[in-house]
Amino acid sequence: YSKSKDDVLIPVFKETYIISKYLDKFRGIIKVPVTNYTNLQHVHNKWKLYIFAKKLGINVPKTHKPNTIKELKSLKIKFPVMIKILDAAGGLGVKYVSTKEELLQQYILIKNKYKETPMIQEFIKGTDYCVTTLFNKGELRAKMTYRNIKQFPPKTGVGVLSKTVKEDKMEKMAFKICKELN
């Protein structure tokens, strides 16, 4: 490896979680601008992010995490909803659901395929924004916000055509979460 003091490892996808978990192994070898694993789990796990954002007073859609089919059937929810696995990105394990029957079918499928309890979230019609940030010990260093124009799969997937935008309201929510995580 290089002996330069300016070397930086910038993880960009799933390897971020592994690198974050073992940050101590990189100290003194290379700079890694990634938060610790505990903080990363607060924003990667959708259920933990929901709980954390709610605790911070950020408006969030009505969300449920029924542990059993009986709990799922007893929910009083309005359709459509989104059903989501908790630890994924890029639209994996996210489905737009229009009926109780479809919700039950997707719930069972997710429990069997991913071996986890999914969350059910109120569908909010609107624009899909993403705020990306780089913080250093609680201080904002860089940001970029974009809105998805097209997604694949449609409605639930990763943005395949996006436009950089300024969206103060979304950025303030993201900054509040990042600052709290330090």
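This is a predicted model: local features need pLDDT of at least 70, side-chain atom pairs count only at pLDDT 80 or more; totals for chains, interfaces and linings use all residues.
Thr145 sits in strand S6, which spans residues 139-152. Is Thr145 buried or exposed? Thr145 counts as buried because its relative accessibility is 2%, and the cut-off for buried is under 20%.

Now show what surrounds Thr145. Setting aside neighbours within four places in sequence, its contacts include Tyr129, Cys130, Val131 and Lys163. Glu171 is also one of the contacts. The side chains of Thr145 and Glu171 are joined by a polar contact of 2.7 Å.

Stay on Glu171. Glu171 is buried, at 4% relative accessible area. Glu171 forms a salt bridge with Lys143, and the closest N and O atoms are 2.8 Å apart. This pair links distant parts of the chain: Glu171 is in helix H6 and Lys143 in strand S6, 28 residues apart. Lys143 is partly exposed, at 40%.

How many salt bridges are there? The count comes to 3. Side chains of opposite charge can pair when their charged atoms come close.

Next, select Lys179 and Glu139. They form a salt bridge, with the closest N and O atoms 3.6 Å apart. Lys179 lies in helix H6 (residues 168-181) and Glu139 in strand S6, 40 residues apart. Lys179 is partly exposed at 47%, and Glu139 is partly exposed at 43%.

Then pick Asp168 and Lys166. Their side chains meet in a salt bridge of 2.8 Å, N to O. Asp168 is partly exposed at 40%, whereas Lys166 is exposed at 60%.

Last stop: a sheet. Four strands form an open sheet in the order S1-S4-S2-S3, with antiparallel pairing. Strands S1 (63-64) and S3 (94-97) are the edges, each pairing on one side only. Select Met82: it stands opposite Gln121 in S4.

Terms used
Residues are numbered from 1 along each chain as its sequence is written. Side-chain values use heavy atoms; hydrogens and water are left out. Two strands pair if DSSP finds at least two bridges between them. Helices (H or I, at least four residues) and strands (E, at least two) are DSSP runs, numbered from the N terminus. Buried means under 20% relative accessible area, exposed over 50%, partly exposed in between (1.4 Å probe, protein chains only). A polar contact is a pair of N or O atoms within 3.5 Å; within protein, one must be able to donate a hydrogen and the other to accept it, and residues adjacent in sequence count only if both atoms are side-chain atoms. Contact means heavy atoms within 4.5 Å. A salt bridge is a side-chain nitrogen of Lys or Arg within 4 Å of a carboxyl oxygen of Asp or Glu.
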